[in-house]
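Trainee: Could you show me how to read the features of a protein model, step by step? I would like to start with strands and sheets.

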Amino acid sequence: MIRNESARIDPKRRATIDYKKKQFATPSYQQQDYPHRLNLYHVPPTAEIRLEDFEQWAIDRLRILAELETCSFRNKTPAETTEHIKPFLDKWLRLDANSASAQGCTDTRLQDQRRKDHYSHFILRLAFSSTEDLRRRFTRVEGALFRLRFQTENARERQDFVASLSLDWEAVTDDEKRTLAQDLLNATPGLKKSDLEDGGWFKVDFEAVPELVEARRIFVKGGKAYVPSKEQMSIVLAGFHDRLEQGLELTARALPRLDEDDRLSPILNHLSNNFAIPDSTLADSDTALSGASINASSIDSLSAHFPLCMRNLHMTLRKNNHLKHFGRLQYTLFLKGLGLTMEDCLIFWRQSFKLITDETFNKEYRYNTRHSYGDVGGDAVRRGRGYSPFSCQKILTEHPPGSGESHGCPYRHFSVDNLTSLLQVTGVNDRDVLRGVKEDVDKKRFHIACNRVFEWTHKPEIRQVKDDGTWKTADLDTIVHPNTYFKRSYLLKRGLAGDSGQNQADNMEM
């Protein structure tokens, strides 16, 4: 008889460890200090935060990353990107330098800012590590954010940060510098002899600075790249990318352990789904338009300010005197977001459905409209005052249109030929714009295509409010909601630039 030893581990089974001892072990570094504004995010945070902060901090950072990706898609220069993104950083992810406070890095306000930045990065790392595509995109936009912060950092604090890093580089000695002086001068564009003698140089593996090697801006010998101190950003950025890619790989392996947490999984899934287009809900104050007459009889004239999705629904309704269920729901909630009252909305639909009797309308369509406004239905619907207008993200991802249906997003759900025809019908005939829309659609950048059309149709008005200074950059951020499209178009075309102070960006909440 073979004796069974309880202490021996069955080779065919995985060794089991008490999960409570491992999962709830007290971390050795709960509270962290942040001596620098910049961060390579090497050490994950372990202190407790509220679930509300967990979600809101991630959403705020996601706004910044989405704007950075939009700037990249629109081929903005680094200077234009910096100018565009600065007001959003100040609003959602502000990071002040140590010199901004008399207490330096020990200031509670600076520590709170950096804590939010630290946590939000790792939260989004959890959300975007599940697939190769998400990891690649996250690395690209986080790298762009780090580059922007590094370039705008105070010179002294930037040098202190670089000195604190354990990067794999070697300082070039004076003797070696004198020996290679002519080669360094020839291989480094714009380098003066005085810069060569006074400036510092670093020696790293040439694979660590692919940008500089590709642009032929440095001298390479024996597999080592000789980098002047002014180009140290490339070295730091390469180290940032390497660490982030490795961290995302490790996070992807640990993700299955989070499946059992019912609190975090829905939040992380929501964040990853919104990486293409940040989701948004419409605040009540965003529906207010001073001087606008919004009633059943004014919808036809107001439709000139509608985004293409709603313009298509309106044109189809006028052509067929009917819309199917999801088309009616999408359009009703959009009209509700404009400020159309339930009574006027019922009048609008009744007048639009010319081919049916009052009895049929009251029996089949009246209740759905009242339900959308929260006038009837369950307690949850009434407490929420009905349904909210659909955002671009919701229109793109839910209920794709079938045969005979007109809802959805034309940029996603139409063929290129049908989309081009619809744009031309609405007055978009510029070849460059149509070509750009086609490229955006091919690359699945649907909201960029919509914003491209908006900017072309409102080009003179946008130029005017920028020149006048009556609109801030935040008032012209990327549109991610049909009702925001309408309000911005209406204000621009009617010359109510001063009324932009409703501050559309403030009224849009993730």
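Mentor: First the general idea: two strands count as paired if DSSP finds at least two bridges between them. Keep in mind that this is a predicted model. Here, an open sheet of four strands runs in the order β1-β2-β4-β3, with antiparallel pairing.

Trainee: Which strands stand at the edges of the sheet?

Mentor: β1 (170–171) and β3 do. Each has a single partner strand, so one side of each is left without a neighbour in the sheet.

Trainee: How many bridges join β2 to β4?

Mentor: Strand β2 (residues 201–205) and β4 are antiparallel and joined by five bridges. You can follow the pairing residue by residue: aspartate 205 faces lysine 224 of β4, and lysine 203 has tyrosine 226 of β4 as its bridge partner.

Trainee: And what stands opposite phenylalanine 219 in β4?

Mentor: Tyrosine 226 again. Phenylalanine 219 belongs to strand β3 (residues 219–221), which pairs with β4 over three bridges, also in the antiparallel sense. β3 and β4 make a hairpin with two residues between them, and glycine 222 in the turn has a positive phi of about 60°.

Trainee: Is strand β4 mostly covered or mostly open?

Mentor: For burial, the cut-off is a relative accessible area under 20%. By that test four of the five residues of β4 (residues 224–228) are buried, and the strand is mostly covered.

Trainee: Let's turn to aromatic side chains. How many aromatic pairs does the structure hold?

Mentor: There are 21 aromatic pairs. To read one, look at the ring centres and the angle between the planes; planes over 60 degrees apart count as edge-to-face. Phenylalanine 306 and phenylalanine 334 are such a case, at 4.9 Å centre to centre with 85° between the planes.

Trainee: Why does that pair tie together parts that are apart in sequence?

Mentor: Phenylalanine 306 is in the loop between α13 (299–302) and α14 (308–320), while phenylalanine 334 is in helix α15 (residues 325–338), so the contact links parts 28 residues apart in sequence.

Trainee: Which residues form the aromatic cluster?

Mentor: One cluster takes in Phe306, Tyr331, Phe334, Phe348, Trp349, Phe353, Phe361, Tyr365, Phe486 and Tyr490. Both of our practice pairs have their residues in that list.

Trainee: Where does lysine 336 lie relative to tyrosine 373?

Mentor: Here we look for a charged group above a ring. Lysine 336 lies over the face of tyrosine 373, 5.6 Å from the ring centre. In a second case, the charged end of lysine 394 sits over the ring of phenylalanine 390, at 5.2 Å from its centre.

Trainee: What is the make-up of the lining of the second largest pocket?

Mentor: That pocket holds about 860 Å³ of space. Among its 31 lining residues, Arg74, Lys76, His84, Glu455 and Lys466 are the closest to the centre. The lining divides into eight nonpolar, seven polar and 16 charged residues. Helix α24 gives the largest share here too, with six residues.

Key: Residues numbered from 1 in each chain as written. Predicted model: local features only at pLDDT ≥ 70, side-chain atom pairs only at ≥ 80, totals over all residues. Heavy atoms only, no water. 1 Å grid on protein atoms, 1.4 Å probe; cavity = no way out; pocket = protein on both sides within 12 Å on 5 of 7 lines; lining within 4 Å. Points joined across faces, edges and corners; volume = space filled by probe spheres on them. Nonpolar A, V, L, I, M, F, W, Y, C, P; charged D, E, K, R; others polar. Buried < 20%, exposed > 50% of the residue type's maximum accessible area, 1.4 Å probe, protein only. Phe/Tyr/Trp six-rings, centres within 6.5 Å; stacked < 30°, edge-to-face > 60°. Lys NZ or Arg CZ within 6 Å of the ring centre and 35° of its normal.
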